[in-house]
Amino acid sequence: MSERHDATTPVVIAGGGWAGLAAAVSLCQHKVPVLLLESARQLGGRARSVRIGDNIYDNGQHLMIGAYHGMLTLMQEVGVDLDEAFQRLPLTLQLYKGKKMSLRMRARALPAPLHLLGALISVRGLSATEQFKALRFSRQVLRMDIPPGEDISVRALLHSQAQTPGLIGKLWEPLCIAILNTPPDLASARLFVAVLRILFAGMRRHSDMLIPRHELGALLPRPAGEFLERHGARLELGQRVTDLDIGERGVRAVQVGSRRIPCRHLILATPHVISRRLVSHHPRLHGLAKRLSRLGAEPVTTVYLQYPPETRLPVPMAGFENAVAQWVFDRRICNQPGLMAVVISARGEHMRLATGELTERVAADLARAFPRWPAHRHSQVLREKRATFCAGVGSDAVRPDNRTAVRGLWLAGDYTATGLPATLESAVRSGQSCAQTVLDAMQS
Ligand SMILES: Cc1cc2nc3c(=O)[nH]c(=O)nc-3n(C[C@H](O)[C@H](O)[C@H](O)COP(=O)(O)OP(=O)(O)OC[C@H]3O[C@@H](n4cnc5c(N)ncnc54)[C@H](O)[C@@H]3O)c2cc1C
């Protein structure tokens, strides 16, 4: 049935993470009234800044790449100067094992895919046989497309491609965990290959690393919030959506505690665990709830260590082999000299360590790699238990798209079927495509 949009009834968006913000900005650009309800006291969701005492931390160090077109476009649309916001570097991997550099690889100034094939040819830390096997696999990846029904684990894929344990440990396992936030025994080869293809087959600058020069709040949440307010959207913080009112003909209202907000279009831009909870007792959405329950979750832990301000990493980010710490980022780039952000992705033994012990183990990993550093002065551990969905084998086949079985109810979030792992780019693309789907529905 055709529906004329009532210009006074806003599209309600539940969730002010990067997906919800992307959807809100797109709708505002089409002059559609928007009401954004966010349960927290700030925007940004899983990519936000947090104030602890006198310090501002990111809830987790984030790394972006040049192929994040949706995110970069959105940032520009809300007025962010990209050159100022990011340090752009060719893809570089520098790993330490104890105090020795165990791997160094840097994308070359050549057209794709030679930029990364060249990196593998000039890599330090792999034997000639490992180099040859890595190169052969990288070339295979360009031709690979694993259908959703034929997904296997990343480890099974690597074994089938004759990648040796040493090569897997030094190169592919750290990459898999960094890209999918899921260990290679569980991780989806389909998603892994999809990302490797973006890195290898896209333009050279698509594989560039974009390291934020600002805390996360300043990258998108604050500029997007200001853009939305300038364009007449209503942003309400501290407003938790508690229930959905769904009738025979579709969405009727959204409930925030005892407050009922009538709406005809509702975008659930909440994390998949919350979306599942909200839809689970509506009979027409049981199938969706079941799919969402199969997505699972993986953590990311960030250990911040504050050293004296003159302490520096030799490169903006470095990795570790055989250590609790996985990657360390020098926050000097964010005007936080001496602050190191150590990232530990996915599940693992570190989750069983108490905060003090984890900090000591991570500090010891850094001390081994950089023995001249003085002791750190203070530390902060931030654990995000549900940082991303678990990008396990078959997970891509379970991800829903923006539509639901209920008229007027839409989904946006990193977990929807974007073909990408749970990333800022996936969240933003999902928000943008959701807004487009809502606009199409309003006009049909
Ligand atoms: C520690 C960490 C490190 C990461 N590192 C990277 C990285 O390096 N690169 C990268 O690309 N990605 C990274 N990610 C993933 C990235 O942050 C997420 O994919 C992205 O932020 C998800 O955005 P979203 O909008 O889909 O969901 P969310 O950010 O979860 O947004 C959902 C919003 O809904 C709100 N909400 C929840 N319940 C309700 C309710 N009932 N009513 C109203 N509002 C509600 C939440 O408060 C939240 O603001 C990382 C994530 C974490 C946690």
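Trainee: How many residues surround the ligand, and which are the closest?
Mentor: In this predicted model, 37 residues surround the ligand, and the closest are Gly15, Gly17, Gly45, Gly60 and Thr423.

Trainee: Which elements give two or more residues to that shell?
Mentor: Those elements are α1, β2, β15 (298-306), β19 (378-388) and α15.

Trainee: And how do the shell residues divide by class?
Mentor: The shell around the ligand holds 17 nonpolar and 14 polar residues, together with six charged ones.

Trainee: Where does the ligand lie relative to the domains?
Mentor: The ligand lies between domain 1 (11-80 + 214-295 + 395-443) and domain 3 (298-388), because both of them give residues to the shell around it.

Trainee: Back to α1: is it enclosed or open?
Mentor: Helix α1 is largely enclosed by the rest of the structure, since eleven of its twelve residues are buried; among them are Trp18, Leu21, Val25 and Cys28.

Trainee: What covers those buried residues?
Mentor: The cover includes the strands β1 (11-14), β2 (34-38) and β14 (266-268), as well as the helices α2 (69-77), α10 (221-230) and α15 (424-443).

Trainee: What span should α1 have, and what does the model give?
Mentor: At 1.5 Å a residue, the twelve residues of α1 (residues 18-29) should span 16 Å, and the end C-alpha atoms are 16 Å apart, which agrees. The helix is followed by Lys31, whose phi is positive, near 60 degrees.

Trainee: Switching to domains 2 and 3, how many residues are in contact there?
Mentor: Eight residues of domain 2 are in contact with eleven residues of domain 3, and the domain 2 side has four nonpolar, three polar and one charged residues. The C-alpha centres of these two domains lie 25 Å apart.

Notes
Residues are numbered from 1 along each chain as its sequence is written. This is a predicted model: local features need pLDDT of at least 70, side-chain atom pairs count only at pLDDT 80 or more; totals for chains, interfaces and linings use all residues. Helices (H or I, at least four residues) and strands (E, at least two) are DSSP runs, numbered from the N terminus. The expected span of a helix is 1.5 Å times one less than its number of residues. A residue is buried if 20 or more other C-beta atoms lie within 10 Å of its own, exposed if 12 or fewer, and partly exposed in between; C-beta atoms are placed from the backbone. Two residues are in contact if their C-beta atoms, placed from the backbone, lie within 7 Å. A residue is near a molecule or strand if its C-beta atom, placed from the backbone, lies within 6 Å of it. Ala, Val, Leu, Ile, Met, Phe, Trp, Tyr, Cys and Pro count as nonpolar, Asp, Glu, Lys and Arg as charged, and the others, Gly among them, as polar. Domain bounds come from an automatic or database domain assignment.
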